[in-house]
Structure formats: structure tokens, C-alpha cells
Amino acid sequence: MLLSELQERERRFKLALRAGIPLLVLIFLLLYALFFQDENLTLTLGNKFLIAGIVFITIYFIYFLIELSVQETLIDQTTQGFNQKAFIYKLKHYKPKSLVLLTIDNLSTLNEHYSIEQIDLLLYTMVHKLNLVFKQHGLENVFIGRLYGAEFVIALNEENEQIQSIMQKYIAENKIINDIEVDYKFSIVTHTGGDFEKIILQLKDIIAAQEKDTSGSQEANFIKNAEEISQVESKIITALKEEKLLLSFRPLLNTKNNQIDIYEISAKLKSETIGDILPRVYLPVINRLGLGREYDFILFKHVVDLLPLVDETIAFTFNLSPFSLRDKTFQDKFFAYLKEKNIDPSRLIIELYERKAHHNLSSYLKTLNSFRSKGIRIAIDNFGSSNASMEYMKHFKFDLVQFDRDYVTKLDDTNTYAMLTSLVKMSKDLHITTVAKWVDNESQKKKLKALGIDYLQGFGIAKPIAEKTLIDKYN
């Protein structure tokens, strides 16, 4: 049985006692006043009605309190774990040393293919299996709460590596529940302190950082120290406020003239105390704090200010969030600064990457056209990785397409090569410039050139360079 179920049962029993005992005392006093002060006990019709009325009121009042108790229950009705409100309240009193966030990554997909009853049973089974795994490892007082549809938080009084191994064991053994395949993600924060609502948000940041990590190894990202997270968050805010960006420039080779005339920009935040902060670490924090548009504008300004310092044949491609591009205030500031600096807008290439097509696609495409009308070029990154990229291609003519990494790194696979060939042909028919990144060797380079791809980028072409090196080279 879950700890939440035990505590809910205890709570209802105590409530029944608290309601019942005063009423029983009241009944006794009334009966004593009516009957026992008189030596002759007579049950008249009126007294019988009085007793029946007292008993009815007592039973009704106790039932009403229990019913009210059910409405204010501690537990989530689907999983029988703690609900969000009760869980946060319990955390403040329990003060656990570690918190774990477990998410079902594919719940939205499952909701489209299974009934409500099947999904509810899946969530119920999942929570009880999770509780059982912790008990098998000797951990009894484990609080499991449900925040939203696919988010579950586990509170423990442990701060060791055992937690990570338990979570990995659970996931390995429960990839299929009730014949339904489940995709999980989890993160762990230790040394929690007291601000648990903030820590839950930080747990979500860690999972978001895992999604942005393209290194293929996420072992180090599972578990973090809350004190260190708070320190990093503080440094991120300071670096953003002081506009401390550290840019590196990845060369794109033009296969037609064998010249480098485009550089892709990657950004980090600079901190004097903790070193450089990677985008996969700071972007979730910035977005959670509502600073995404501020960050994008700082990056944009930095790039625009850099353009006059390098040869006019050089263009820069860089990523801006679709949420910034859709924002009217951001657009006004963007175009005003562009006009003020009087630079050639075609030297700016905005990269877009979205896994899902925007729900209001028509309005979003008008937004993109407003940027293109100023002469700015628009590129779609990771092209071919999802249906969204093809959906955009049907309705909007991009200036550049940058193919997904898998197409370049798996050129020896017959299916992959055939798909890339088709995508290149489609792009050429639409007069769209093609870019292949992650080119690491001469074999890839020859095959991609043979396909007629316009630009190549990767360590097999040239290594990234620092901003000062770029200025020295092209000033």
C-alpha cells in the first residue's frame, strides 16, 4: 500500500473520531437531561421522535464531514499517490533530502491510442510498481505525488547514488506496463533545502537539458545538488544581465567555389566563477524565468554589431526561439535595431527548429514572411527529423535547409542515403540552398558533394573559431 493511501485512511479515521466523539457526548447529555434526572423513564411518542431526530442529525453530520473530507482528499484519484496540493504541503513538513522527477515522455501519444480507462490503469500500476521497487531496496517512507498528467515527484530521505540505480532499475523493468510501451525521463536533486516548489522547477530544467544534450551520454545529468543548481541559476541571471555572451563560429564550406562565406554561431554564457555555461543548461532556466526574448535580443544585437567588423561577404546563421519571433514587442525592437545599424539584412540567417507544427500555422508563416520581407534569410534546422519540418516546407519557401544529423552520419545505410537523395532533389527543385552538418571525414565529404549539397560543415571541413579570431581574419 502507498504511503499516501495509509495517511489518507488515517486522516479519515481521525476526522470521524473528531466529529463523532463530541456528538456522542452531546447525545448523552441530552438523554441525561431528558430522562435520567427523573426516576421514571418514560418513552413517549414525542421523546421517541426527539431521540430519532438526534440520531439522524448525528449520522448525517458525521457522513457530511466524511464526504467533505473526501473532497479535500490527500490522494490523486487516478494513481492513489498524493495529489499536487497535498504533496507540496507534505514536503514542507517532511523536508526530504532528495527529490526525483519522473515523467512519461510519450503520454500525449498514448492518450491518442488508448482509452481513458487504460491510461488511468497504466498510471495507477506505474505508481504502485515504483513504490514496490523502493520497498525492495529497504526504503519505506517514500512520498510519491502526481503534479500534472505525466509528471510524478518522489521524495526520499536519502542522498546517495542508490536512488539513481533504483530509478534505472525501475525503468529497465517497466518499459511495458499492461501491454503499453512507456518512455520515461527522470532527474534527481539532492541537498534540497526548503524551497521545494523551486526545486521541482529545477528538476524540469534538468530533464529539458537532457533533451538538448546531443552528446549521447546523459549519465551525469540525472542527479544534481540543489545548492549547486541555485548557484548556477544565479550565475545565469547575472551573465544575462551583464550580456556576457561567448560566441564560437562554425565554418560552412561553399561547395561551388570552395570558399567559407557563412558561419554558424553557437553561444554560451560566460561566468568568472563557474566557467562557461552551455545552452542546454541555461536555456531551460532562462525560458522558465520568462527571459527567453531578452536573451534572443541580446544575441541578435551581438551578431548585428559584429557584422561591420568582418568582410561584407560573410553571413551568420544563428538560432532564435519561435516564441521570440512571434512576439510583437520583440519584432518591433528587432526591426528598429536593424534599421538603426543599417547593415545588409541578407547577411543574417535565422535558424528554426520545431518538432511540432505551430497550431496557428497561417499566422506563424505570416510572421516569418515579415522577417523575410526585410531581407533576412530563414533556415530550417534538423530538416527531415519530424513531420513538422515537411509541414512547414509545404507552406513556406525557406532560404536554406539544414539536414538532420542522421542523414549525414548514416550515409552508408541504403535507406538513409535514398531518403537524403530525395530531400536534396526536392530542395533543388524548390531552389532552396542545402546544408549538411556533422561532416567529419573525407568519405562523407565526397558523397555529399556528389549529391550536389551546397554547403558542408563539421570537423572534417574546419574547426570552430573564436570571435577574436574571426575578426582578425576578416577585418
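With a relative accessibility of 18%, Phe-335 counts as buried (buried means under 20% relative accessible area, exposed over 50% and partly exposed in between, for a 1.4 Å probe and protein chains only). The model is a predicted one, in which local features need pLDDT of at least 70 and side-chain atom pairs count only at pLDDT 80 or more, whereas totals for chains, interfaces and linings use all residues. Residues are numbered from 1 along each chain as its sequence is written, and side-chain values use heavy atoms, with hydrogens and water left out.

Helix α12 spans residues 328-341 (helices, H or I of at least four residues, and strands, E of at least two, are DSSP runs numbered from the N terminus). Its 14 residues reach 20 Å from the first C-alpha to the last, close to the 20 Å expected at 1.5 Å a residue, the expected span being 1.5 Å times one less than the number of residues. The buried residues of α12 are Phe-330, Gln-331, Phe-334, Phe-335, Tyr-337 and Leu-338; viewed down the helix axis they fall within an arc of 160 degrees, so they line one face of α12 (the arc is taken from the directions between the helix axis and the C-beta atoms). Lys-328, Thr-329, Lys-339 and Glu-340 are exposed on the face turned away from this buried side. At the N-terminal end, α12 is capped by Asp-327, a side-chain oxygen of which lies 3.2 Å from the backbone nitrogen of Thr-329, while Asn-342, just after the helix, takes a positive phi of about 55 degrees.

The largest nonpolar core comprises 71 residues, and Phe-316, Phe-334, Leu-348 and Ile-350 have the most contacts inside it (a nonpolar core is a set of buried Ala, Val, Leu, Ile, Met, Phe, Trp, Tyr and Cys residues joined through side-chain atoms within 4.5 Å). Helix α10 (residues 292-306) gives the most to this core, contributing 8 residues. Neighbours within four places in sequence aside, Ile-350 is in contact (heavy atoms within 4.5 Å) with residues including Phe-318, Leu-325, Phe-334, Phe-371 and Ile-378. A second, separate core has 34 residues, among them Val-127, Phe-134, Ile-171 and Phe-186.

The structure contains 18 aromatic pairs (rings of Phe, Tyr and Trp, the last by its six-membered ring, pair if their centres lie within 6.5 Å; planes under 30 degrees apart count as stacked, over 60 as edge-to-face and the rest as tilted). In one of them, the rings of Tyr-263 and Tyr-474 have centres 5.8 Å apart and planes at 75 degrees, so the pair is edge-to-face. This pair links distant parts of the chain, 211 residues apart, with Tyr-263 in strand β9 (residues 259-269) and Tyr-474 in helix α18 (residues 467-474). Tyr-263 is buried, with a relative accessible area of 1%, and Tyr-474 is buried at 15%. A tilted pair is formed by Phe-335 and Phe-371, at 5.0 Å centre to centre and 45 degrees between the planes; this pair connects α12 with helix α13 (residues 361-372), across 36 residues of sequence. At 1% relative accessibility, Phe-371 counts as buried.

Elsewhere, Leu-139 lies in the loop between α5 (116-136) and β2 (143-148) and, at 10% relative accessibility, counts as buried. Residues up to four places away in sequence not counted, Leu-139 touches Phe-134, Leu-156, Glu-158 and Ile-166.

Methods
A polar contact is a pair of N or O atoms within 3.5 Å; within protein, one must be able to donate a hydrogen and the other to accept it, and residues adjacent in sequence count only if both atoms are side-chain atoms.
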